[in-house]
Amino acid sequence: SISSQRYSSHMNAILTADGKLALPEELRHDAHLNPGDKLEVQVYNGTIVLRKHLPLSPEQCRALLEQSRSQSKPTAHDEAVVEETIREVRSRRR
């Protein structure tokens, strides 16, 4: 994985006028990125984070389903709190 590899030296990527990003070949190689790979993009505290999208394995899916089934069902109070919060947020948007 990339976390077990050395960090590459400082590299620049170029953003084109139409929003495409060109990543240096060494970076693509180190991150095992290939043409057509999907990247998840997030902004965290002003920093852009790119992460290769990897589908969940069957085992990961099973574990997530089991975890969700073991959680308690929302109560009427929980649902009322959610509805009230939604109303508050919507009223601030107006």
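Trainee: Why does R87 count as partly exposed?

Mentor: Its relative accessibility is 48%. Buried means under 20% relative accessible area, exposed over 50%, and partly exposed in between (1.4 Å probe, protein chains only). The value 48% falls in between, so R87 is partly exposed.

Trainee: What kind of model is this, and how are residues numbered?

Mentor: It is a predicted model: local features need pLDDT of at least 70, side-chain atom pairs count only at pLDDT 80 or more, and totals for chains, interfaces and linings use all residues. Residues are numbered from 1 along each chain as its sequence is written, and side-chain values use heavy atoms, with hydrogens and water left out.

Trainee: What makes R87 and E84 a salt bridge?

Mentor: The distance from N to O is 3.0 Å. A salt bridge needs a side-chain nitrogen of Lys or Arg within 4 Å of a carboxyl oxygen of Asp or Glu. The pair R87 and E84 therefore qualifies. Both residues lie in helix 3 (residues 76–93), three residues apart, about one turn of the helix. Helices (H or I, at least four residues) and strands (E, at least two) are DSSP runs, numbered from the N terminus. E84 is partly exposed, at 35% relative accessible area.

Trainee: What does the salt bridge between K52 and D37 tie together?

Mentor: The closest N and O atoms of K52 and D37 are 3.3 Å apart. K52 lies in strand 4, while D37 lies in the loop between helix 1 (25–30) and strand 3, so the pair ties together parts that are 15 residues apart in sequence. K52 is partly exposed at 29% relative accessibility. D37 is partly exposed too, with 30%.

Trainee: How many salt bridges does a search of the whole structure find?

Mentor: Seven.

Trainee: D37 also lines a pocket. What makes a pocket a pocket?

Mentor: Work on a 1 Å grid over the protein atoms alone, with a 1.4 Å probe. A pocket is an open set of points with protein on both sides within 12 Å along at least five of seven lines. Lining residues have an atom within 4 Å of a point. The second largest pocket is lined by L21, L23, R28, L33, N34, P35, G36, D37, L39, V41 and L50. Its volume is about 230 Å³, the space filled by probe spheres set on the points, which are joined across faces, edges and corners.

Trainee: What classes make up that lining?

Mentor: Seven residues are nonpolar, two polar and two charged. Ala, Val, Leu, Ile, Met, Phe, Trp, Tyr, Cys and Pro count as nonpolar, Asp, Glu, Lys and Arg as charged, and the others, Gly among them, as polar.

Trainee: Which residues make the nonpolar surface patch?

Mentor: L15, L21, L39, V41, V43, I48 and L50, over about 680 Å². Strand 3 (39–44) and strand 4 (47–52) each give two or more residues. Strand 3 gives the most, with three. Patch residues have over 30% relative accessible area and no salt bridge; nonpolar side chains (Val, Leu, Ile, Met, Phe, Trp, Tyr) are joined within 5 Å, and like charges within 9 Å. Areas come from the Shrake-Rupley method with a 1.4 Å probe.

Trainee: How do you know that V41 is exposed?

Mentor: V41, in strand 3, has 56% relative accessibility, so V41 counts as exposed.

Trainee: What makes the phi of H32 worth a look?

Mentor: Phi of H32 is near 55 degrees, positive in a residue other than glycine. Most residues other than glycine have a negative phi. H32 is in the loop between helix 1 and strand 3. N45 also has a positive phi, about 50 degrees, and is not a glycine. N45 sits in the loop between strand 3 and strand 4.
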